[in-house]
Amino acid sequence: MSKEQVKVASLGLFILDTFEFRNEGKETIKREESVVGGGGTYAIVGARMWLPPTKIGIVVDRGTDFPVETQRTLDGMGEMWHYRDQDRPTTRALNLYTGDHRDFEYLNERQRLEPIDFPPSLRTATWLHFVCSPTRSLVINSQLTDWHPNLAYEPIPDRCTPAELPSLRNILPHLAVFSPNHEEAWAFFGKGQDEVKEMGKKGIEEVAMKFFEEGAEKDVVIRSGALGAYVVRKGQTGIWVPAYHTDATKVIDVTGAGNSFMGGLMAGLELHPDNLVLATQMAAVSASFIIEQYGLATLSTTTDGIELWNGASPIERLEEMKKRGTA
């Protein structure tokens, strides 16, 4: 591995996903296995669209069943993967689609990552991403006694509850970025999806400010799907940053979109720490590539050495975002 300082790292997991599609009669019509996935993977790939592989990193628990094709895919993205070879199968999960409904479950035991599991080369990171409950986030933060990265936290959906709000209050002052989606944000205050939809953009703006009341000290970014993202830096006026895709037919699957958004956001803030809007536009571009297919976007390089994702340039998409401006 390169000795160049890593800037962005994730405690999220690397997972091999299975995508199974069933019709309304629950008959399996399509099944794809060993698709590279996991919240940490998507986040690091989102950052990879803006940073060289030597400046990002994630721990990958490589099991005894690790496919050759998967290894080839990872190798093609560069030296950003820090492997721990295991004497057990790789963590796997099922994404089950029945019509428009999606279910998720782990197919074997998942292995959590702790900050202590990071090799020294990753403990130089200036940004650390994690996805978990607020209670677990406090445990993670308590382990960062000799390493103080900027923390970018996205809460796990099923733990966005009023019962977790006390723990959230305790972690918020330690975060550089707190980024739930709009439904997760209101769920901490007991609001359901129908109520959130009815409140619309004004409700999203309202809940963002609630997190500053609860103790947030830096940036609150409410990811809001097709509406874009509402971003607020403490003491400043909130701004809406549109999503990249405006054509719904371009959206194939949103799995990993929020994670990749976080990766792009961390990369953006690393490169442009004083420009939250620009960093969020970069995040929106990262997410745009992930939602165009099931699984990760495809990386290729032109004869001129320009990296393309799904055949398109992140920089060109960012220029489009800049021309659109904010909402």
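User: Which helix lies across E10, strand E11, strand E12 and E13?

Analyst: Quick heads-up: this is a predicted model, where local features need pLDDT of at least 70 and side-chain atom pairs count only at pLDDT 80 or more, while totals for chains, interfaces and linings use all residues. Residues are numbered from 1 along each chain as its sequence is written, and side-chain values use heavy atoms, with hydrogens and water left out. Helices (H or I, at least four residues) and strands (E, at least two) are DSSP runs numbered from the N terminus. Running at about 30° to E12 (angles go from 0 to 180 degrees between N-to-C directions, with axes fitted to C-alpha atoms, for helices over the stretch in contact), the helix you want covers residues 193-213 and is H6.

User: Which strands stand at the edges of the open sheet of 9 strands?

Analyst: Read the order first: E5-E4-E1-E8-E9-E10-E11-E12-E13, with mixed pairing. Two strands pair if DSSP finds at least two bridges between them. Each edge strand has a single partner, so one side of each is left without a neighbour in the sheet. That makes the edge strands E5 and E13.

User: Inside that sheet, which residue in E10 is the bridge partner of Ala152?

Analyst: Start with strand E9 (residues 150-155) and strand E10 (residues 177-178), which run parallel. These two strands are joined by 2 bridges. Ala152's bridge partner in E10 is Val177.

User: Is Asp85 buried or exposed?

Analyst: Asp85 sits in strand E5, which covers residues 81-85. Buried means under 20% relative accessible area, exposed over 50%, and partly exposed in between (1.4 Å probe, protein chains only). Asp85 has a relative accessible area of 57%, so it counts as exposed.

User: Which residue's side chain makes a polar contact with the side chain of Asp85?

Analyst: Here's a hint from the fold: the C-alpha atoms of Asp85 and Gly63 are separated by 6.1 Å, though these residues are 22 apart along the chain. A polar contact is a pair of N or O atoms within 3.5 Å; within protein, one must be able to donate a hydrogen and the other to accept it, and residues adjacent in sequence count only if both atoms are side-chain atoms. At 2.6 Å, the side chain that pairs up with Asp85 belongs to Arg62.

User: In the sheet of 4 strands, which are the edge strands?

Analyst: This one is an open sheet too, in the order E3-E2-E6-E7, and its pairing is mixed. From one strand to the next, the twist averages 20°. Two of the strands pair on one side only, namely strand E3 (28-37) and strand E7 (101-106).

User: Which residue takes a positive phi in the hairpin of E6 and E7?

Analyst: Strand E6 (residues 92-98) is antiparallel to E7, and they pair over 6 bridges. Along the pair, Leu96 has Asp103 as its bridge partner, and Thr98 stands opposite His101. The hairpin has 2 residues between the strands, and the residue with a positive phi near 65° is Gly99.

User: How about the hairpin of E2 and E3: which residue takes a positive phi there?

Analyst: Strand E2 (residues 15-22) and E3 are antiparallel, with 7 bridges between them. The hairpin has 5 residues between its strands, and a positive phi near 65° is found at Lys26.

User: Which residue's side chain makes a polar contact with the side chain of Glu32?

Analyst: Glu32 is in strand E3, and its 27% relative accessibility makes it partly exposed. Leaving aside neighbours within four places in sequence, Glu32 is in contact (heavy atoms within 4.5 Å) with Asp17, Thr18 and Phe19. Thr18 is 14 residues away in sequence and 5.6 Å away in space, C-alpha to C-alpha. The side-chain polar contact, at 3.2 Å, is with Lys30.

User: Is His182 buried or exposed?

Analyst: His182 belongs to helix H5, residues 182-187. Beyond the neighbours within four places in sequence, it is in contact with Val196, Ile204, Ile222, Arg223 and Ser224. With a relative accessible area of 18%, His182 is buried.

User: At what angle do H7 and H8 pack?

Analyst: Two packed helices are described by the angle between their axes and the distance between the axes. Helix H7 takes up residues 257-271, helix H8 takes up residues 276-290, and their axes are 7 Å apart. The contact includes Phe261 and Leu265 of H7, along with Met282 and Ile290 of H8. The packing angle is about 145°.
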